[in-house]
Amino acid sequence: MRVDIRWFLARLNANYWFYPALFALTAVLLAFGLIQLDRMGAAEWLNQVEAIVPARPDGAANMLTVIAGSMIGVASTVFSITIAAVAYASGTYGPRLLTNFMEDKGNQLSLATFIGTFVYALTVLRSVRKEDEPPPGADEALATALPGFVPQLSLLVAYLLMALSIAVLVYFLNHIPSSIRINSVLEGIGKRLLRDIADNYPDDHNGGEAPPAPDGRPLTVQATGYVQLIEFDELEEIAEEAGCRIALEVRTGDFVHSGMPLIRICEGSVDDKLAEKLRGAFTLGSTRTPTQDPRFLIDELVEIGLRALSPGINDPFTAITAIHWLGAAIADLGLRDLDRRREDHPDGNRVEPLPETFGHFLNRSFGTMRSGVATSPTAALIMLDALRTAAEPLPDRARKEMLREQGAMLCEQARHSLNGPDLERVEERYAAFQQAFA
């Protein structure tokens, strides 16, 4: 149950309906509250302010009509621009980038502001009463000294919301072209990757490797999809309740189907009820998500880099930026203990996550890009530098050796793809690369 709640809260950040719906509901409540204050005469002091000329019913109705009509028009335009930007980014940089743009708070809050202003103006408009309209009650007839009824305080707030919407529109028009710039896209992915690495692997590398979990009885999957979220705390509590030890057979981001082992019961036993609760600690879905899955963000950087190096695009400088962020991530991973994820119960030892290895991350990043980078002399030079600088702060010689091997394989790949002066430049840089490791 807890994992479903966490998954639902995480998905609220990746859609365009939550904030507009929330702002619309807030606008309705705000409008009703301010109208009630106007009917109670709480806005009478506004008639004493010389800078604020009390509005007449016709003027108030026209103003609210213009605000409501313009806001829904702007909201439609903003949504169209956003969809066009998302389609361009996913088609140019890769379909996995769609999640990043769906989670963009600037786009979500901009659309929500226009929707909220529209709903507020429309709600206040229904309360405006012209001079020739009889009041619905005696209390409302006494709410204002002017003929008819104009909610002066509500109207003033509508004007302020209109000014806020104009400021948000200016921000949005600057935000959209900025957000689809490739450097901004790579920066957003790279910074999020570094944050996720720090969250998932907070401990420094201790130089050892986690021993393999003992054998046990497998608990199989009964559904099909990608593992989107694992509730480690819930697994720990279930294992404590059953008095058993659990070893995970999957990681977040893995694809599973019916019959595959999900976990292994290494010590003790669980009944069918507890087995169902254990399966409930995993959320499966049709797509991978970046939640709990740094490999997803690594794959995004790799995809952008390989697309940029493809013959149809031939943009090595975009690939170089992707290599720089991958190098920063690999350097950070090299300093961290990858044996287990951080949990709220750090002393718990009943749940053994599937171990991560530095070599796995290295092969998934630089290893996957190697064949494409080898075709570009400029990118190959930068990748050798990134491998060298990533290795410099590492105290673990085994991890340093993995980085050196990646450099050797890149040079070997380049010998099959380059020739002439381009190959000579790579060979020279590789000689300096070897010297640095020596």
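Student: What percentage of the 438 residues in the protein chain is buried?
Tutor: Bear in mind that this is a predicted model, where local features need pLDDT of at least 70, side-chain atom pairs count only at pLDDT 80 or more, and totals for chains, interfaces and linings use all residues. Residues are numbered from 1 along each chain as its sequence is written, and side-chain values use heavy atoms, with hydrogens and water left out. Buried means under 20% relative accessible area, exposed means over 50%, and partly exposed is in between (1.4 Å probe, protein chains only). On that scale, the buried share of the 438 residues is 48%.

Student: How many helices and strands does the protein chain have?
Tutor: Both are DSSP runs numbered from the N terminus: helices are H or I with at least four residues, strands are E with at least two. For the protein chain, that gives 16 helices and 7 strands.

Student: At what angle do helix α2 and helix α7 pack?
Tutor: Leu30, Ala31, Leu34, Ile35, Leu37 and Asp38 in α2 meet Gln152, Leu153, Ser154 and Val157 in α7. By class that contact has 7 nonpolar, 2 polar and 1 charged residues, with Ala, Val, Leu, Ile, Met, Phe, Trp, Tyr, Cys and Pro counted as nonpolar, Asp, Glu, Lys and Arg as charged, and the others, Gly among them, as polar. Axes are lines fitted to C-alpha atoms, for helices over the stretch in contact, and angles run from 0 to 180 degrees between N-to-C directions. The axes of α2 (residues 18–39) and α7 (residues 152–179) are 7 Å apart, at an angle of about 140°.

Student: And α14 with α15: are they roughly parallel or roughly antiparallel?
Tutor: Helix α14 (residues 377–391) packs on helix α15 (residues 397–417) at about 170°, with the axes 9 Å apart. Residues meeting there include Leu384 and Leu387 in α14 and Leu403 and Leu410 in α15, and the contact by class is 8 nonpolar, 2 polar and 1 charged residues. Angles under 35 degrees count as roughly parallel, over 145 as roughly antiparallel, 65 to 115 as roughly perpendicular and the rest as oblique. That is why this pair is called roughly antiparallel.

Student: How far is the sulfur of Cys266 from the closest cysteine sulfur?
Tutor: A disulfide is a pair of cysteine sulfur atoms within 2.5 Å, and the structure holds 0 of them. Cys266 is buried, with a relative accessible area of 15%. Its closest cysteine sulfur is in Cys244, too far for a bond, at 8.9 Å.

Student: Is Asn314 buried or exposed?
Tutor: Asn314 lies in the loop between α11 and α12 (316–334), with a positive phi near 55° in a residue other than glycine. Gln292 also has a positive phi, near 60°, and lies in the loop between β6 (282–285) and α11 (294–309). Gln292 is buried at 12% relative accessible area. Asn314 has a relative accessible area of 59%, which means exposed.

Student: What distance separates the C-alpha atoms of Leu309 and Ala319?
Tutor: Leu309 is in helix α11 and is buried, with a relative accessible area of 12%. Leu309 and Ala319 are 10 residues apart along the chain, and their C-alpha separation is 6.6 Å.

Terms used
Contact means heavy atoms within 4.5 Å.
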